[in-house]
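Please consult the sequence and the structure shown here before reading the briefing.

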Amino acid sequence: MAARFVGARIKRREDRRLITGEGAYVADLARPGMVHAAILRSPYARARIRAVDLTAARQSPGVLLALAFEDLQPAGPLPLPVPHPALKAAQEFPLAPGMVHYVGEPVAVVVAEERYAAEDALDLIRVEYEPLPPVVDPERALAADAPLVHEELGTNVAAHLEQETGDVERAFREADHVFRERFRVLRGSGQSIEARAVLAAYDPLLQALTVWSSTQTPHLIRRGLAPLLNLTEAQIRIIAPDVGGGFGSKGVFYPEEFLVPFLAIRLGRPVKWVEDRREHLQTAIQERGQVHEVEVAVRRDGRILAVRDRFVADQGAYTPWGIVVPVLTATMVPGPYKIPNYRFEVTVVYTNTVPSAPVRGAGRPQAVFVMERMVDRVARELGLDPAEVRFRNFIPPHEFPYVVGLRSRDGRLQTYDSGNYPEGLTRALRLIGYEEVRKEQERLRAEARYLGVGMACCVEATGLGPHEGATVRVDPSGRVYLYTGASPQGQGHETMLAQVCADALGVELEEITVVTGDTAGIPQGTGTFASRIATVAANAVTAAATEVRARALRAGAYLLEARVEDLDLISGRVQVRGVPEKGVPLGQVARVAAGAVPGPGSPMPEGVETSLEATSYFTPAQAAYASGTHAAVVEVDVETGMVKVLKYGAIHDCGRMINPMIVEGQVCGGVAHGIGNALLEEPVYDGSGQLLTSTFMDYLLPSAAEVPEILLDHVETLSPLNPLGVKGAGEGGTIPAPAAIAAAVEDALAPFGVRITEVPLSPERLRRLISRGERAQDGGRG
């Protein structure tokens, strides 16, 4: 039947609850007898722990428990969900076992009747540290005399990877031009409105543990927690209630997700821990930190023959998500361009900083920054328009599926399934009025005003496995319940998945209740990250709802004494096609199918199922490759170094859009994050590993004043890899933004000879570059 809901601009049904204060976050929850935990964290980036004295803390009023590492035995290290054969893994422990490796690492935990009592007791703990010199800079970590972050590994190198496709050396020999550049992308983080929180309660009678966590991955938390607590997964229920943003920083298994359940079991009382903002800035995972040395070989017409990229990736102190980030960076550098010869060499290094794991974009903003900056360099050196260089190098639409020649993060041959990159750039330039902006730029330069325009293109692997599932169940009341392991943090899953279910099953949207992020609702799940829910979970919903529909029609055929092929299921009613008055409500079918109605008509005959319920798991064969093109117009105040984004156009291709309104919200939010990465956000560490940006006075986030109206358009090339034809949309807004803004700033400052090779572009950094350019001009005139 034709889609009624998929593709429609339907307002998010969850928003009314959330914006009227009726949401239920972990911090809002309370259980009878609940007590509160607080964490003592290391003030040193690298130090030995000689002794921990908990005596005074344990004697403090209201304190129930105070523990250090020795009190947790035999608790092992936290799980590593994404291993890699090249990785020398270092996993964090729930509490530091004799050595701390970054400022903020948990050392001890206190539980008290009230939170303030637990926090006060932390001041009574006496820890004898032996401070050691840390290593904070990733390139310094490679020096022969650098301190070792993990002495037991004997090296600061966590992994070294190389790949090559084509004949790179030959391409460089035959090139008309070779250009080289060094790029730095500095760290950033995912600062959600809600920080992290965990609440746990243990029922000794049922030997059952329930954990409420502000996590993106409830099933992965359960999978990691069970062996640490010596419980089965069946004994553990993880619930992610309303979660106030995640952006990747709530995707990994943190020490508190072991500590709080452990304490609840030990005390026999519910235990709650809520992170404050300083803790979140200090300990939540970060990303982006990389240094690239890049070479590009080109013909005189601007066509790219080969790229070589050698880079260092800052892993921080531990590997909570393996080396997914640098692998994604390395394999996505070619982007939308037809580059027959490419080689990368990446060295992943440990530093005494907060661990690195995927934050929205997950390694791809760095890849796009590197590639797009080099495309702009080619255009500048050859005197070509930067748009024209891109058009000359795009993979043409008729060449899909396109084999890049690399092994992607899942080990498969990287193959782009669909796309139309020239169309994306054409539309992006049209959105911002590219030709008109160029004319305005010339006019304003005569007035000593510096306008710039930049563009950036990206390709994003979305919808990665291993799987996501859905259970669709028709209640005898007629209400439809949809359960999924996908755990939203504001993406609109309740609306989008209900749209898919309503079309596939044949019911009204209002008749569907969507239950997310609860391991009791569906046996297995993976979680919400990697722009995967529309691609993986929505297709699982389609399959489950389609099966329930088939069951309902078979049962309805028995009840209506009709053939299945003569029936429809429309608006929650099984009816004879062409005779709509002859039919039965879906709830009645469910009651009869379940044997709830005795007498004639029960039980169902052979071949007719006894429930209207089905569970389906969708496992993608490979990633579905979304794409995007952004174009930015900025003005730079050369006296202050301030950048104002005047106009921003974003084109996104996520295949079929289930709800265009939600897609556009995701893209706009992603652009805002990308503007923050480009201009504002930077965790700054001093030489001793102390975080200097531990409040929002220092770690700057974009506000409405920094984010302009975002002009949007869509290219829809359907993915052939799944029944819905969808690709992911959650991260695409972030990925090209830093590169587009950097290009626009460089274009604005071209009269000063400024070249942008690192982000973020703080006013201080820009003033240095502008001053350097002014001095060079003065020297030339002299």
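The model is predicted. Strand 5 spans residues 106–112 and pairs in the antiparallel sense with strand 1, while strand 3 also runs antiparallel to strand 5. Helix 16 and helix 17 pack with their axes 8 Å apart.

**Strand 5 and its partners**

- Seven of the seven residues of strand 5 are buried, and the strand is thus described as mostly covered.
- Strand 1, made up of residues 35–41, is joined to strand 5 by six bridges in the antiparallel sense.
- Within this pairing, leucine 40 has alanine 108 of strand 5 as its bridge partner.

**Packing of helix 16 and helix 17**

- Two packed helices are described by the angle between their axes and the distance between the axes.
- Helix 16 comprises residues 660–679 and helix 17 comprises residues 737–748; the angle between them is about 50°.
- The crossing of helix 16 with helix 17 is right-handed.
- On the helix 16 side, the contact involves Val671, Gly674, Ile675, Asn677, Ala678 and Leu679, which meet Ala737, Pro738 and Ile741 of helix 17.
- Of the residues in this contact between helix 16 and helix 17, seven are nonpolar, two are polar and none is charged.

Conventions:
Residues are numbered from 1 along each chain as its sequence is written. This is a predicted model: local features need pLDDT of at least 70, side-chain atom pairs count only at pLDDT 80 or more; totals for chains, interfaces and linings use all residues. Side-chain values use heavy atoms; hydrogens and water are left out. Buried means under 20% relative accessible area, exposed over 50%, partly exposed in between (1.4 Å probe, protein chains only). Helices (H or I, at least four residues) and strands (E, at least two) are DSSP runs, numbered from the N terminus. Two strands pair if DSSP finds at least two bridges between them. Axes are lines fitted to C-alpha atoms, for helices over the stretch in contact, and angles run from 0 to 180 degrees between N-to-C directions. A crossing is left-handed if the near helix is turned anticlockwise from the far one by less than a right angle, and right-handed if clockwise. Contact means heavy atoms within 4.5 Å. Ala, Val, Leu, Ile, Met, Phe, Trp, Tyr, Cys and Pro count as nonpolar, Asp, Glu, Lys and Arg as charged, and the others, Gly among them, as polar.
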